[in-house]
Amino acid sequence: MVRSIQIDEAGQVRAWLEACSRPEVEAAIDGIHREIARVIHEVGPHCLASGNCCRFEAHGHRLYATGLEVARCVTICREEGRHITPEDIESAVLEGNCPWQDGRLCTAREGRPTGCRVYFCDPRLQDLVPELAENAHREVRAIHERFHVPYAYGEWRTMLREIMEQNPFVTAPPATSGRLAVPGSSRPRGLVDLRILVGK
Ligand code: SF4
């Protein structure tokens, strides 16, 4: 059973933003990403860049991430000039996709969370994807604990929305440097939840 999370206060959001700018935290997250990439490279899934993996409602799945992952993605995208606004998030909710999806492509490649990195629609990976997702989530959660970063886990766009509402920093025009991202409110009927898929 997946429960939606409540991001308590702006202080928690600030803690995520600050943590994702720490080199040791970034190095730990980067290690997880590199290991995922190594495994995926070995398997060599077929990817036709259909973009369907980011059209959540249409394809019956959802993306979840931790607060740290969301903050990291938002911050990196700001730095790269791909800042999103609350209106972008609402459009994505209406369209059933991600605010960083442009046509069939992801414009948040560097910042995207582990959930995006492990997911492929290639049927050959139907067993591997949940395993990778579960392991990656466990390791990201461990980073929250190791670096004393408040832990929350939720649906991508809901997390993004709540972070934006509670921290004006992320709604401001892109700065020359900075770091932030998100998933999860109540789950519409008929959707398959990745956390359920991975048995969490
Ligand atoms: S961050 Fe990129 S890969 Fe992940 S859901 Fe958004 S567009 Fe898709």
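## Model and confidence

pLDDT is the predictor's confidence in each residue, on a scale from 0 to 100. For this protein the mean pLDDT is 82, and 78% of the residues reach 70 or more. Residues 1-5 have a pLDDT below 50, and the model gives this stretch 13 contacts beyond near neighbours in sequence; two residues are in contact if their C-beta atoms, placed from the backbone, lie within 7 Å. Residues 174-200 also stay under 50, and the model has 97 contacts for them beyond four places in sequence.

The model is predicted, so local features are described here for pLDDT of at least 70 and side-chain atom pairs for pLDDT 80 or more, while totals for chains, interfaces and linings use all residues. Residue numbers start from 1 along each chain as its sequence is written.

## Overall composition

The protein has nine helices and six strands. Helices (H or I, at least four residues) and strands (E, at least two) are DSSP runs, numbered from the N terminus. Of the 200 residues, 40% are buried. The burial classes rest on the other C-beta atoms within 10 Å of a residue's own, with C-beta atoms placed from the backbone: 20 or more is buried, 12 or fewer is exposed, and in between is partly exposed.

## Ligand shell

The residues around the ligand are Cys54, Leu63, Cys98, Trp100, Gln101, Cys106, Ala108, Arg112 and Cys116. A residue is near a molecule or strand if its C-beta atom, placed from the backbone, lies within 6 Å of it. By class, the shell has seven nonpolar residues, one polar and one charged. Ala, Val, Leu, Ile, Met, Phe, Trp, Tyr, Cys and Pro count as nonpolar, Asp, Glu, Lys and Arg as charged, and the others, Gly among them, as polar.

## Helices H2 and H7

Helix H2 covers residues 23-43, and helix H7 covers residues 128-146. Their axes come within 10 Å and cross at roughly 170°, which makes H2 roughly antiparallel to H7. Axes are lines fitted to C-alpha atoms, for helices over the stretch in contact, and angles run from 0 to 180 degrees between N-to-C directions. Angles under 35 degrees count as roughly parallel, over 145 as roughly antiparallel, 65 to 115 as roughly perpendicular and the rest as oblique.

On the H2 side the contact involves Val25, Ala28, Ile29, Ile32, Ile36, Val39 and Val43; on the H7 side it involves Leu128, Leu132, Ala136, Glu139, Val140 and Ile143. These residues divide into 12 nonpolar, no polar and one charged. Valine 43, in H2, is exposed because 12 other C-beta atoms lie within 10 Å. Outside four places in sequence, valine 43 is in contact with Leu125 and Leu128. Valine 43 and arginine 124 are 81 residues apart in sequence, and their C-alpha atoms are 9.1 Å apart.

## Helices H4 and H8

Helix H4 (residues 67-79) and helix H8 (residues 156-166) have axes that come within 10 Å and cross at roughly 70°. H4 is therefore roughly perpendicular to H8. Gly67, Val70 and Val74 of H4 meet Met159, Leu160 and Ile163 of H8, a contact with five nonpolar residues, one polar and no charged.

In H8, nine of the 11 residues are buried, among them Trp156, Arg157 and Glu162. The buried residues of H8 pack against helix H1 (10-19), strand E2 (64-66), H4, helix H5 (86-95) and E5. In H4, valine 74 is buried because 32 other C-beta atoms lie within 10 Å. Valine 74 and glycine 111 are 37 residues apart in sequence and 7.3 Å apart in space, C-alpha to C-alpha.

## Loop residues

Most residues other than glycine have a negative phi. Alanine 49 has a positive phi of about 55° and sits in the loop between H2 and helix H3 (56-59). With 10 C-beta neighbours inside 10 Å, alanine 49 counts as exposed. Histidine 148 also has a positive phi of about 55°; its loop runs between H7 and strand E5 (153-155). Histidine 148 has 8 C-beta neighbours inside 10 Å and so counts as exposed.

Arginine 109 is in the loop between strand E4 (105-106) and helix H6 (114-118). With 14 other C-beta atoms within 10 Å, arginine 109 is partly exposed. Arginine 109 and cysteine 77 are 32 residues apart along the chain, with their C-alpha atoms separated by 9.0 Å.
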